[in-house]
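Colleague: Could you walk me through reading this one, feature by feature? I would like the general idea first and then the case at hand.

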Protein chains: 2
Amino acid sequence: MQTVNFNDNYFMKEALKEAREAFSKDEVPVGAVVVSNNKIIARSHNLTETLNDVTAHAEILAITSAAENLGGKYLTNCTLYVTLEPCIMCAGALQWSQISKIVIGAPDPKRGYSNFTPSPLHPKTSITTGIMETECSELIKEFFKRIR
Amino acid sequence: MQTVNFNDNYFMKEALKEAREAFSKDEVPVGAVVVSNNKIIARSHNLTETLNDVTAHAEILAITSAAENLGGKYLTNCTLYVTLEPCIMCAGALQWSQISKIVIGAPDPKRGYSNFTPSPLHPKTSITTGIMETECSELIKEFFKRIR
């Protein structure tokens, strides 16, 4: 019997599957999953083009979906895995959700929330960065190489 | 024949109607309208409790609705009227929308986007503040007085 090791890499791989799904739809390839008690309760990818909606980032869709799944709007016992550092809109949404933990793949030096002071995140939210950074980053680079 | 004067006060009054609608649903009373060529193309109010969704702020709903109405995701020739200074999530969404102008009623010294550096808004977006500030501010104060 195979034992599944539910670690950060395992869930980031799931977020990467979502990012690839976005890529296949000509969307900027960002994917996310929300995990509670080692179970994925929401999965999503960027759909801004498909939905004609600038707010349809992977994180916003994941927060809305996770809250619906839980039946409550706060994600206090949840972890978000996201392939790219959230923008300021998504960081603000994550702050309102009071999510426990955020695990980030690739940094976004241009648009990432960490460019802003003070930090827009909730003080109780813990952050892990650089999980499968190369894979997450390469996917974005490949996308922009292709459309230019 | 009565001539309607389409000025900032006129549209902020419409946003205030939306805020009062939120109040009647026990939602934090924030309302918004999006205007294009002197026509209201979207109107919304905060629905975070009703929808169980922290992202359901008046501004996010207004951006999504306006884009749907226009058939395109950018609001480059639009003005948002909102009764309360947007939070960082909403400011981020407004930045992505490339909206031309934002007209704000009451400031939000605690949660408002203007607490953050650099400004999260799009450099081409112009801002007007303090339109019907007293009415917008009183409505919020009345709400929090009632629920405490």
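Colleague: Let me start with strand β1 (residues 31–36) of chain B: how many of its residues are buried, and is it enclosed or open?

Modeller: Some ground rules first. This is a predicted model, where local features need pLDDT of at least 70 and side-chain atom pairs count only at pLDDT 80 or more, while totals for chains, interfaces and linings use all residues. Residues are numbered from 1 along each chain as its sequence is written, chains are lettered from A and ligands numbered from 1 in the order in which they are written, and side-chain values use heavy atoms, leaving out hydrogens and water.

Modeller: Now the terms: buried means under 20% relative accessible area, exposed over 50%, and partly exposed in between, with a 1.4 Å probe and protein chains only. Strands (E, at least two residues) and helices (H or I, at least four) are DSSP runs, numbered from the N terminus. In chain B, 6 of the 6 residues of β1 are buried, so the strand is largely enclosed by the rest of the structure.

Colleague: Which residues of β1(B) lie on one side and which on the other?

Modeller: B:Gly31, B:Val33 and B:Val35 take one side, with B:Ala32, B:Val34 and B:Ser36 on the other, and both faces are covered.

Colleague: In what sense does β1(B) pair with β2(B), and over how many bridges?

Modeller: Two strands pair if DSSP finds at least two bridges between them. Here β1(B) runs antiparallel to β2(B) (residues 39–45), with 6 bridges; B:Ser36, for instance, has B:Lys39 as its bridge partner. The two strands make a hairpin with 2 residues between them, and B:Asn37 in the turn has a positive phi of about 50°. β1(B) also pairs with β3(B) (residues 79–84), again in the antiparallel sense, over 4 bridges, and there B:Val35 stands opposite B:Thr79.

Colleague: What does strand β1 of chain A look like, buried or exposed?

Modeller: In chain A, 6 of the 6 residues of β1 (residues 31–36) are buried, so that strand is largely enclosed by the rest of the structure. β1(A) pairs with β2(A) in the antiparallel sense over 6 bridges, and 4 bridges join β1(A) to the antiparallel β3(A). One pair there is A:Val34 with its bridge partner A:Leu80.

Colleague: Which residues does A:Thr79 touch?

Modeller: Contact means heavy atoms within 4.5 Å. A:Thr79, in strand β3 of chain A, touches A:Val33, A:Val34, A:Val35, A:Ile99, A:Lys101 and A:Val103, not counting residues up to four places away in sequence. A:Thr79 is buried, at a relative accessible area of 14%.

Colleague: On to the interface: what area is buried between chain B and chain A?

Modeller: Buried area is the accessible area (1.4 Å probe) that two parts lose on being put together, summed over both. For these chains it is about 2400 Å², with 64% from carbon and sulfur atoms. B:Val54, B:Lys73 and B:Trp96 supply 29% of the area that chain B buries against chain A, more than any other three residues. The contact takes 30 residues from each of chain B and chain A.

Colleague: How many salt bridges cross the interface of chain B and chain A?

Modeller: The rule wants a side-chain nitrogen of Lys or Arg within 4 Å of a carboxyl oxygen of Asp or Glu, and across this interface it finds 2. One of them joins A:Glu49 and B:Lys73, at 2.8 Å from N to O.
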